[in-house]
Amino acid sequence: MSQGRSEDRLRGPVRHRDSGTEPFRFPEFYNKEKPRLMRFFTRQLGNQADADELAQEAFTRFVRAAPVQALESPQAYLTRIATNLLRDFIARGSTLLSKRSTLLDEDLDLIAASDTHRETQARQDLARWKLILAQLKPETLDIFLRNRVEGQTYVEIAKELDVPLWVVQKQMLKAIKHVVAHREANDD
């Protein structure tokens with residue numbers, strides 16, 4: 001794609017639908033759809049900053065990827081982008097959470113016997129996280145532990161529990177949101 005066409009899109013591209021009735025104007029579309037995306041991401045993530053970042057990324061991808069020809073439903077196209085971004089964000093966050101929990105386990109093993117303060121702090125942290133995880137519903141906790149502790153993939157969990165993959169994804173999203181909310185509450 002040429003640089004000129006990319007700049008035209010950023011200034012407010014006009015795309016005519018096949019019906020030819022009204023042109024598509026990006027600035028108006030952005031102003032109308034941004035609050036909807038913010039509600040969607042905030043509801044899913046519970047975090048305004050991440051929601052804003054993902055909404056901006058969704059619009060950036062929309063502008064970059066939207067075909068030059070007419071779009072049948074720009075809202076649906078934007079929603080698909082947003083859904084994919086959310087899925088990627090959750091998967092990425094899930095990986096980061098896994099890495100952090102692995103580091104916590106390794107840190108517990110590395111504490112010197114003479115460092116009683118760090119050992120006490122590690123035990124308190126472990127007890128606190130056990131209480132936090134105990135707040136999850138049993139089926140959510142089971143799926144979360146299968147993935148995080150036992151290392152099973154979502155597909156393996158779904159097959160073993162005989163549930164659709166989306167159920168596992170939904171339960172993991174609940175668990176991750178719960179863990180992130182408690183982690184952020186501790187950071188404050």
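**Pocket, core and rings in a predicted model**

Guide: Helix α4 supplies the largest share of the lining of the second largest pocket, namely six residues. This is a predicted model, in which local features need pLDDT of at least 70 and side-chain atom pairs count only at pLDDT 80 or more, while totals for chains, interfaces and linings use all residues. Residues are numbered from 1 along each chain as its sequence is written, and side-chain values use heavy atoms, with hydrogens and water left out.

Visitor: What makes a set of points a pocket, and what makes a residue part of its lining?

Guide: On a 1 Å grid over the protein atoms alone, a cavity is a set of points where a 1.4 Å probe fits but cannot get out, whereas a pocket is an open set with protein on both sides within 12 Å along at least five of seven lines, and lining residues have an atom within 4 Å of a point. The second largest pocket holds about 370 Å³ of space, and of its 13 lining residues the closest to the centre are Leu-86, Arg-87, Ile-90, Gln-169 and Leu-173.

Visitor: Which elements give two or more residues to that lining?

Guide: They are α2, α4 and α8, and such helices are DSSP runs (H or I, at least four residues), numbered from the N terminus.

Visitor: Why is the pair of Tyr-30 and Phe-59 called tilted, and the pair of Phe-62 and Tyr-77 edge-to-face?

Guide: Rings of Phe, Tyr and Trp (its six-membered ring) pair if their centres lie within 6.5 Å, and planes under 30 degrees apart count as stacked, over 60 as edge-to-face and the rest as tilted. Tyr-30 and Phe-59 lie 4.6 Å centre to centre with 55° between the planes, and are therefore a tilted pair. Phe-62 and Tyr-77 have ring centres 5.7 Å apart and planes at 65°, so that pair is edge-to-face.

Visitor: What parts of the chain does the pair of Phe-62 and Tyr-77 tie together?

Guide: Phe-62 lies in helix α3 and Tyr-77 in helix α4, so the pair ties together parts that are 15 residues apart in sequence.

Methods: Points joined across faces, edges and corners; volume = space filled by probe spheres on them.
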